[in-house]
Amino acid sequence: MRMPDGWLARSAVAAAQIAGGAAPDDYGDIWRELKPAMLQLSHFKCWYCESPVDRNDNAVDHYRPKNRVFEALNHTGYRWLALDKSNFRLACTFCNSKRIDVEFGTAGGKADKFPLLDEARRVYQQASIDNEGPKLLDPCVIEDCELLGCQQENGKPCCATEVQLDLSRVNASIEIFHLDRDATCVRRHGIAVSLIADIMEAKNLFDISQVDETRKPGFKKVAKRIHTTISREAPYSGEMRYLLRGQRAENHPWIQQLLEA
Ligand SMILES: [Zn+2]
């Protein structure tokens with residue numbers, strides 16, 4: 001990520017002041033300076049839910065909370081990571097702030113939540129966090145991104161594996177990031193419907209083009225559309241990749257090729 005002039009020096013000074021007792025929130029201007037670059041990095045999508053975000057309607061979230069930790073009342077926050085850009089995630093309002101969807105009965109928003117798989121591993125002071133074992137999926141970890149899928153029939157989020165540990169992490173993330181918010185499921189479902197239609201068309205054209213070469217360009221055109229839908233720039237591309245993975249078949253090797261492209 002490219003940073004504004006002098007950012008590293010400014011953040012180092014602020015980090016030293018926070019270490020000396022200053023409140024992390026007094027330095028919000030510094031992490032907010034990285035918002036435009038973070039938006040560009042994700043092609044204007046929330047890093048957690050992959051919804052397209054308006055320039056104003058989002059925040060730089062601290063993956064490890066900087067002030068307090070909901071699950072550990074005597075924790076004073078991961079203050080030493082308040083200005084560490086590896087702790088920054090760009091989040092939309094629904095993922096970041098507490099919200100209740102009254103109409104559809106769901107609620108969520110990360111706020112200061114940061115559950116661990118094993119609370120005993122919680123790090124309280126500046127030290128390695130490598131073995132902490134976060135429960136929340138981390139959009140900066142590719143293996144975590146692949147754990148999240150969505151249901152073809154309604155766009156509701158689901159776990160991409162049947163491993164119990166993954167399931168508990170995905171369910172916690174769905175709840176805390178409010179990934180099951182109805183409006184988000186509706187958007188996801190709309191994209192899923194077109195994707196599945198494209199896959200069916202591509203499968204059909206692929207079969208035909210095995211005996212009729214002239215149909216190959218038609219197949220390629222649809223395959224390209226599918227590629228766009230699962231590319232990193234596209235909204236909900238993680239969930240769409242999950243749906244595409246579910247359509248793999250021995251006689252359709254092009255699906256695996258698209259997933260690896
Ligand atoms: Zn979001």
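Residues are numbered from 1 along each chain as its sequence is written, and side-chain values use heavy atoms, with hydrogens and water left out. Because the model is predicted, local features need pLDDT of at least 70 and side-chain atom pairs count only at pLDDT 80 or more, while totals for chains, interfaces and linings use all residues.

The chain has 261 residues, and 46% of them count as buried. Buried here means under 20% relative accessible area, exposed means over 50%, and partly exposed lies in between (1.4 Å probe, protein chains only). The secondary structure comes to ten helices and six strands. These are DSSP runs numbered from the N terminus: helices are H or I with at least four residues, strands are E with at least two. Along the principal axes, the C-alpha atoms fill a box of roughly 75 × 40 × 35 Å. A contact means heavy atoms within 4.5 Å. Of the contacts with a separation of 6 or more, 64% join residues 24 or more positions apart.

The domain assignment gives domain 1 (7-180) and domain 2 (184-260). Such bounds come from an automatic or database domain assignment. The domain centres, taken over C-alpha atoms, are separated by 31 Å. Domain 1 brings 22 residues to the contact, and domain 2 brings 19 residues. The size of an interface is often given as the accessible area lost when the parts come together. Between them, domain 1 and domain 2 bury about 1700 Å², with 54% of it on carbon and sulfur atoms. Buried area is the accessible area (1.4 Å probe) that two parts lose on being put together, summed over both. Glu-50, Cys-150 and Gln-152 supply 31% of the area that domain 1 buries against domain 2, more than any other three residues.

Helix α7 (residues 182-211) packs with helix α9 (residues 237-245) at an angle of about 35°. Their axes are 10 Å apart. Axes are lines fitted to C-alpha atoms, for helices over the stretch in contact, and angles run from 0 to 180 degrees between N-to-C directions. From α7, the contact uses Arg-188, Ile-191, Ala-192, Leu-195 and Ile-199. From α9, the contact uses Glu-239, Met-240, Leu-243 and Leu-244.

Ala-172 is found in helix α6 (residues 164-176). Ala-172 is buried, with a relative accessible area of 12%. Leaving aside neighbours within four places in sequence, Ala-172 is in contact with Lys-135 and Leu-136. Val-13 lies 159 residues from Ala-172 along the chain, and their C-alpha atoms are separated by 36 Å.

Met-1 lies in the segment before α1 (7-19). Met-1 is partly exposed, at a relative accessible area of 37%. Beyond neighbours within four places in sequence, the contacts of Met-1 are Leu-34, Ala-37, Met-38, Leu-41 and Lys-85. Met-1 and Leu-41 are 40 residues apart in sequence, yet 7.3 Å apart in space, C-alpha to C-alpha.

Positive phi values occur at two loop residues. His-43 is not a glycine, but has a positive phi of about 55°. His-43 sits in the loop between α3 (35-41) and β1 (58-62), and is partly exposed, with a relative accessible area of 38%. Ala-111 has a phi near 50°, a positive value in a residue other than glycine. Ala-111 is in the loop between β4 (106-108) and α5 (142-145). Ala-111 is partly exposed, with a relative accessible area of 30%.
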